[in-house]
Amino acid sequence: MDSLFLLALAASSNALVTSVDVAGATLKIEIRQPVSDHKAQELVEWIASTANNVNLTYGRFPNPAPKIIIIPNTRPSWNDDSAVTFGRVTRSDGETVELFVNLDRPISEFYEDWTATHELSHLMLPLLSQRYRWISEGFASYYQNVLLSRAGHYTPEHAWQRLTEGFVRGRDSRPELTLNQAATGGIRNARMKVYWSGAAIALLADVELRQRSDGEESLDSVLGQLQQCCLPAEKRWSGPELFRRLDSFLETPVFMPLYREYANDTKFPPFTPMLKELGIVTSSAGVILRHDAPLANIREAISTGY
Ligand SMILES: [Zn+2]
């Protein structure tokens with residue numbers, strides 16, 4: 001970061017504002033006070049790096065002009081001393097990502113915190129109606145791990161370990177509910193099912209696409225086509241509408257068959273046989289990646305990006 005950056009920071013009444021270019025986008029960044037100039041510079045660099053994590057999906061950012069607001073968390077933290085304590089996407093006036101940050105944490109911890117990559121990954125899909133939140137939360141939960149691995153902030157083992165643990169938590173949460181029921185507003189204790197069932201669907205779709213096309217197609221490439229046709233989207237989509245659109249980019253559908261099988265059923269997407277084929281083995285010492293597994297090359301392509 002050079003001195004030109006400081007000139008670009010303009011103080012408004014209660015925030016520092018600047019913009020940063022990444023492939024496909026100019027990020028409009030607002031940093032709420034109080035924050036030192038030095039910390040603000042570090043945070044801007046971190047946001048640019050996080051946007052570049054998302055760009056490891058298809059080479060450009062999904063929205064050409066998103067707004068990112070960084071809000072120092074000045075309230076006493078409720079047992080949460082992570083670097084990014086909360087994040088959310090709002091879409092009432094363009095797409096805005098709000099990130100609540102803990103300025104006491106060193107900047108190195110921000111790069112390993114998944115929250116910002118998760119929130120920015122949400123911009124790869126349009127806004128979905130509440131009952132299909134398992135798709136938006138699931139895809140963001142899948143990509144937060146995959147992208148932090150591709151960017152080198154997680155080892156592949158760590159990324160697969162987190163995904164595996166998430167799938168188990170999801171399977172064990174509210175097993176009597178269907179995915180669409182779990183995502184409906186007001187359902188208690190269904191958060192893990194919502195997030196990790198959708199992540200399991202993302203993994204199943206990604207592996208099927210890569211396997212049948214010999215690596216020519218992937219969830220990355222399909223989401224790139226969605227961005228070209230349809231993002232950023234103004235309206236709210238339904239799950240079937242989104243999955244039909246994703247299938248429209250393919251000769252043989254992948255997404256609607258998964259939707260029909262799992263969205264209105266209580267069974268959790270079957271991740272165990274898939275992890276085995278990918279060579280992801282859980283041991284007492286953590287996840288081990290086997291190089292002789294039938295789909296080891298697909299696992300490596302997912303977690304390295306090439
Ligand atoms: Zn989310």
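**Notebook: aromatic pairs and overall build**

I searched the whole structure, a predicted model, for aromatic pairs and found 12. I then examined individual pairs.

Entry 1. I looked up W134 and F243, which form an edge-to-face aromatic pair. The ring centres lie 6.3 Å apart, and I noted an angle of 90° between the planes. I next checked where the two residues sit: W134 belongs to helix α5 (residues 133-150) and F243 to helix α10 (residues 239-247), so the pair ties together parts that are 109 residues apart in sequence. I recorded both W134 and F243 as buried.

Entry 2. I turned to Y142 and Y143. Their ring centres are 5.5 Å apart and their planes stand at 75°; the pair is therefore edge-to-face, as an angle over 60 degrees counts as such. Are these residues buried or exposed? I found Y142 buried, at 0% relative accessibility. I also found Y143 buried, with a relative accessible area of 1%.

Entry 3. I looked up N53, which I located in helix α2 (residues 37-54). N53 has a relative accessibility of 5% and counts as buried, because the cut-off for buried is under 20%. Which residues does N53 contact, apart from its neighbours within four places in sequence? I listed T117, L147, L148, A151 and H153.

Entry 4. The C-alpha atoms fill a box of roughly 55 × 45 × 40 Å along the principal axes.

Entry 5. Of the 306 residues, 54% count as buried. Among contacts with a separation of 6 or more, 65% involve residues 24 or more positions apart.

Entry 6. I recorded 30 positive and 36 negative side chains, with the centres of the two sets 7 Å apart.

Terms used
Residues numbered from 1 in each chain as written. Predicted model: local features only at pLDDT ≥ 70, side-chain atom pairs only at ≥ 80, totals over all residues. Heavy atoms only, no water. Buried < 20%, exposed > 50% of the residue type's maximum accessible area, 1.4 Å probe, protein only. Contact = heavy atoms within 4.5 Å. Lys, Arg positive; Asp, Glu negative; His and termini not counted. Charge placed at Lys NZ, Arg CZ, Asp CG, Glu CD. Phe/Tyr/Trp six-rings, centres within 6.5 Å; stacked < 30°, edge-to-face > 60°. Helix = DSSP H or I, 4+ residues; strand = E, 2+ residues; numbered from the N terminus.
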